[in-house]
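This report describes the fold and the contacts of the complex shown below.

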Amino acid sequence: MTIFIKTTPVAYTHYAVQPRIGMHHGMEIALSFEGDSTEKAHKQVLAVTDVSCFARFGIKGPKAADWLNQQGIKTPEVMNAWVEGAPNTLVLRLGGSEFLVEDQAQGKACEALTSFDQASTTGAYQVARSDAAFILGGREVLNLLSELCMLDLRDSAWPSHGVVMTQVAGISATLIRESLAGEQVYRIWCDGTYGSYLWEVLTEIAQELGGGAVGLICRFQ
Amino acid sequence: MKLLNCPMNGVRPLSEFLFGGEFREMPNPDASTDLEWASYVHYRDNAPGIKKEWWYHSPSGTWFIAERNTLTDEVLATYLHGNSPVSKVKEPS
């Protein structure tokens, strides 16, 4: 019998640096790259964390918001915005009628959404998600983003719960800004096939600016 | 930097968009003559002027209509198909 192990979309870029690997939401993910003190120092300056392992659920259609609401998930009232739709679960409204639901480290909402039955649902359609997803934090994060994105991503130019779909390092990506354990961080999602490329670009610039890759443990300590 | 106003996402660099060709109203395929249908499919006069065009914002997957003066490259309005023109954005000089 063949056993398939789900790996992060950026797994191939990790092989060279041999991070400590663990399982989260059924996916192999980097728990740490370097010693605790080094990662903590990077977190202060500029840290890139792979969170592709978080569970996700995509849905679109004119009745998508109604269906999510019926499952007890709150949805943003305006386009291109996000809310915490359930405890530890983000809900992003991508345009008018498409939603991305993502459990955070302790979130549980996506598990229940897998009960979605297309045959008995009209006006809502499940969207397969295969994102690479990252968290960027640290005092140099805006310097990194200014090298990769043409938009002004400073607080003053971006509503606090706004969703931005733009290009980052030349590829399509979705961004939000959120507060994580009191720290302002940026979230980036891109198609999984671009994951390795974006990870390489982000970590290379992070290292130039004095930071680096940080594993899941340090990020959520 | 040239800019274009996506009706769903706001003003973005032109590099985020793809051109989707001229928008033209399709005649009823069941009621049109062969000449009308052939004209719709094949005929383009290519005269410069204000044209309706399909444009695509690739990061969000949004198709929309832009009214563009093909002589001056000035975009007069952008809007979702089926909606009225609501935004008139001029590129900064």
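## The sheet of chain A

In this predicted model, five strands of chain A form an open sheet in the order β6-β7-β8-β5-β9, with antiparallel pairing. Its edge strands are β6 (81-86) and β9 (125-127) of chain A, each of which pairs on one side only. From one strand to the next, the twist averages 25 degrees.

The link between β5 and β9 of chain A can be followed residue by residue. Strand β5 of chain A covers residues 56-60 and is joined to β9(A) by 3 bridges, the two strands running antiparallel. Within this pairing, K60(A) has Y125(A) of β9(A) as its bridge partner.

## The domains of chain A

Chain A is assigned two domains: domain 1 consists of 6-53 + 130-219, and domain 2 of 56-127. The centres of domain 1 and domain 2 of chain A, taken over C-alpha atoms, are separated by 23 Å.

Where these domains of chain A meet, 7 residues of domain 1 and 8 residues of domain 2 take part in the contact. On the side of domain 1 of chain A that touches domain 2 of chain A, 3 residues are nonpolar, 3 are polar and 1 is charged.

## The sheet of chain B

Chain B has an open sheet of 4 strands, ordered β3-β4-β5-β6 and paired antiparallel. Strands β3 (17-22) and β6 (74-79) of chain B lie at the edges with a single partner strand each, so one side of each has no neighbour in the sheet. The twist in this sheet averages 35 degrees from one strand to the next.

One of the residues involved is I50(B), whose bridge partner in β5(B) is N69(B).

## The contact between the chains

Chain B and chain A contribute 10 residues each to their contact. On the side of chain B that touches chain A, the residues comprise 3 nonpolar, 5 polar and 2 charged.

## Confidence of the prediction

For the complex, the predictor gives an ipTM of 0.81 and a pTM of 0.88. Chain B has a mean pLDDT of 89, with 91% of its residues reaching 70 or more.

Over residues 88-93 of chain B, pLDDT stays under 50, and the model has 10 contacts beyond four places in sequence for this stretch. Where pLDDT is low, predicted coordinates should not be read in detail.

Note on methods:
Residues are numbered from 1 along each chain as its sequence is written. Chains are lettered from A and ligands numbered from 1 in the order in which they are written. This is a predicted model: local features need pLDDT of at least 70, side-chain atom pairs count only at pLDDT 80 or more; totals for chains, interfaces and linings use all residues. pLDDT is the predictor's confidence in each residue, from 0 to 100. Two residues are in contact if their C-beta atoms, placed from the backbone, lie within 7 Å. Ala, Val, Leu, Ile, Met, Phe, Trp, Tyr, Cys and Pro count as nonpolar, Asp, Glu, Lys and Arg as charged, and the others, Gly among them, as polar. Domain bounds come from an automatic or database domain assignment. Two strands pair if DSSP finds at least two bridges between them. Axes are lines fitted to C-alpha atoms, for helices over the stretch in contact, and angles run from 0 to 180 degrees between N-to-C directions.
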